[in-house]
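Here is a short walk through one protein structure. Take a look at the model first, then read on.

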Amino acid sequence: MSEPAGGPPAQWDRTALDRILKRATELQAQEHDTGESMSPDEVLKLGRDVGIPARYLQQAMLEEQVRASALTPDGLLDHLVGPARCTANRVVRGNPDVIEEALAAWMDDHELLAVERRQPGRISWEPLGGMQVALRRSAAALGSAKRPFMLSRASRITAGITALEPGYCHVTLGADLGPVRASFLGGAAAMASLGVAAAAVLAVMTPFWLIAAAPLPMAGALSWVVGRQYRPVRDRIQLGLERALDHLEQGDHHRAGQLPPPRSGIVGLIADEIRKALKP
């Protein structure tokens, strides 16, 4: 086989290098009989044969499992308005206990959430209520809102922490947005109902169906606009989940394992919230 004109370049750029490595891996994998399906142990064995560390294969299998579950068929509302749940996942360095404490501390400091249930490797939060919400928002305004609250509209936040191998964990965060999506759908349905009601009244008052049907397009447009307002809310919550994972990935776990300071009455509560807002 003749060599390409001009010979090989002195250096390969990043795009070409990615293609070369991907193709070389495919050619090496083709030497092994993979069959129609493989068990996780067989995948790990194949990875060892082709020189891929087990940690990366475990991460890839876990992320593929999450991706496959996220690609389940969506309903009509998911297509028109948006899914009622959003998730984010990442592999971070650290032991499960350390990561769990760091995540709990982040949610306590930077979101309007209270722990609903906590088990080894799994935590769920619910929206914070009562006077503490007003105190947190006031303290955030005093601190110039350096880290805005982004998950407060979710009805529940869940976290799952799975150990991959010593020093590495897979963290999955999820947000339940069913109630907030239902509120937007209710507003859209109200706009549509008003349009239908107006059309019915006009149909009684005039024999001209074009005049009677005039409110329907406007009501449909308003209904669509109200329904579309849900997507920015969901995008903001998705960004809030990614922000929490960014904190874990950066390894800023200095508060891990420490208990929160005691709160003595309303004065202690106010002082604690101001301290959180002013903390860099």
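Buried means under 20% relative accessible area, exposed means over 50%, and partly exposed lies in between, with a 1.4 Å probe and protein chains only. At 36% relative accessibility, Leu17 therefore counts as partly exposed. This is a predicted model: local features need pLDDT of at least 70, side-chain atom pairs count only at pLDDT 80 or more, and totals for chains, interfaces and linings use all residues. Residues are numbered from 1 along each chain as its sequence is written, and side-chain values use heavy atoms, leaving out hydrogens and water.

Leu17 sits in helix α1, residues 14–29. Helices (H or I, at least four residues) and strands (E, at least two) are DSSP runs, numbered from the N terminus.

Now turn to strand β3, residues 122–127, which holds Ser124. Ser124 has 11% relative accessibility, so Ser124 counts as buried. Leaving aside residues up to four places away in sequence, Ser124 touches Ala114, Val115, Glu116, Arg117, Ile157 and Thr158. Contact means heavy atoms within 4.5 Å. Ser124 and Ala114 are 10 residues apart along the chain, and their C-alpha atoms are separated by 8.6 Å.

Next come the helix pairs. Axes are lines fitted to C-alpha atoms, for helices over the stretch in contact, and angles run from 0 to 180 degrees between N-to-C directions. Helix α7 (residues 178–205) and helix α9 (residues 215–228) pack at about 175°, with axes 8 Å apart. α7 and α9 are therefore roughly antiparallel (angles over 145 degrees; under 35 is roughly parallel, 65 to 115 roughly perpendicular, the rest oblique). Among the contact residues are Phe184 and Leu202 of α7, and Pro215 and Val226 of α9.
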